Amino acid sequence: MTKSSAAHGPSASRVGLIPNLLGLGLFWGLSPVMTKALAKVNVSPLQTITYSSLAVGLILFVIWRALGPVKLNDARLWLFGLGCAIMLNIPFGLSLTVVSHVPVSTFSIVTSTTPLFGYLLALIARMERPNSLRILAIIAGFLGAALLIIDAEMIDHGLVIDPWLAAAFGLPFFYALYHLFAAKFWPKDRETSAVGIAESLAAGFAFLPLLLISQGEEAADLSTSGLYLLAAVSVLWVVERIAFFNLVRHFGPVSTVQAVNLATVSTVIMGAVIYGE
């Protein structure tokens, strides 16, 4: 992938690949555990998306504004941010529902196929060249995931795979598509700070009307536990957004999505420790 021109602003520096991958993988690993906890205290997917997006956008703005000016008066930036917001929150909204019905360890195995979808989409978009070893790895990866999640008891009942698990396989495809979109259509010469702010605020304002229409007065009905968890995931996703956009900006979608491999291991461990799954 052709690299963009150097960005200017508080987040213009190219931070190393390994530290960002480690940070992003650990935060992606913790995310399903936190979202399952939100579902357990009756925070709806729309509440999670809307309130956390607005919080993340405001926190990012405060951070980057303290470091220097952030130029946000750019229509292309906000259109890109809106596109990212929609493409991210389609799979994220689905994940908030799916994670309530499947163990987080199984959920992480399904999402671990994101790099496989990412490479296939990058080939279609001609951002990567065909490589026979990678293609064999894709086939092996899908077969390995299938062997791990197909339940013999489900087969006895006439189903090859649980319906919720079947729905879950939409997640890695849409996440890979989102990564590809973010890398391919990045606004020229725009810094990661501005993009992170625009995407988060665009998501919050885009989903706020849906939240108010669907839940009415209950949109603001949150328990104390729900508020604390939303605050925690908002801080978590601030760090995740910074690492994610730095990786996409400087290293491309195929490198970025490798963080899923770390996330899978950390999610399985945390799911076993916290939920006994």
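Q: Is Phe185 buried, partly exposed or exposed, going by its relative accessibility?
A: A quick note to start: this is a predicted model. The relative accessibility of Phe185 is 47%. Buried would need under 20% and exposed over 50%, so Phe185 counts as partly exposed.

Q: Which kind of aromatic pair do Phe181 and Phe185 form?
A: Their rings lie 5.3 Å apart, centre to centre, with 40 degrees between the planes. Stacked rings would be under 30 degrees apart and edge-to-face rings over 60. That leaves Phe181 and Phe185 as a pair that is tilted.

Q: Which helix gives the largest share of the nonpolar patch?
A: The patch covers about 380 Å² of surface and is made by Leu82, Ile86, Ile90, Phe173 and Phe174. Two elements give two or more residues to it, helix H3 (75-98) and helix H9 (170-184). The largest share, 3 residues, comes from H3.

Q: What is the relative accessible area of Phe173?
A: Phe173 is found in helix H9 and is one of the residues of the nonpolar patch. Patch residues need over 30% relative accessible area. Phe173 is partly exposed, and its value is 31%.

Definitions and conventions: Residues are numbered from 1 along each chain as its sequence is written. This is a predicted model: local features need pLDDT of at least 70, side-chain atom pairs count only at pLDDT 80 or more; totals for chains, interfaces and linings use all residues. Side-chain values use heavy atoms; hydrogens and water are left out. Patches are made of residues with over 30% relative accessible area and no salt bridge: like charges are joined within 9 Å, nonpolar side chains (Val, Leu, Ile, Met, Phe, Trp, Tyr) within 5 Å. Accessible areas come from the Shrake-Rupley method with a 1.4 Å probe; for residues, only the protein chains shown count as cover. A salt bridge is a side-chain nitrogen of Lys or Arg within 4 Å of a carboxyl oxygen of Asp or Glu. Helices (H or I, at least four residues) and strands (E, at least two) are DSSP runs, numbered from the N terminus. Buried means under 20% relative accessible area, exposed over 50%, partly exposed in between (1.4 Å probe, protein chains only). Rings of Phe, Tyr and Trp (its six-membered ring) pair if their centres lie within 6.5 Å; planes under 30 degrees apart count as stacked, over 60 as edge-to-face and the rest as tilted.
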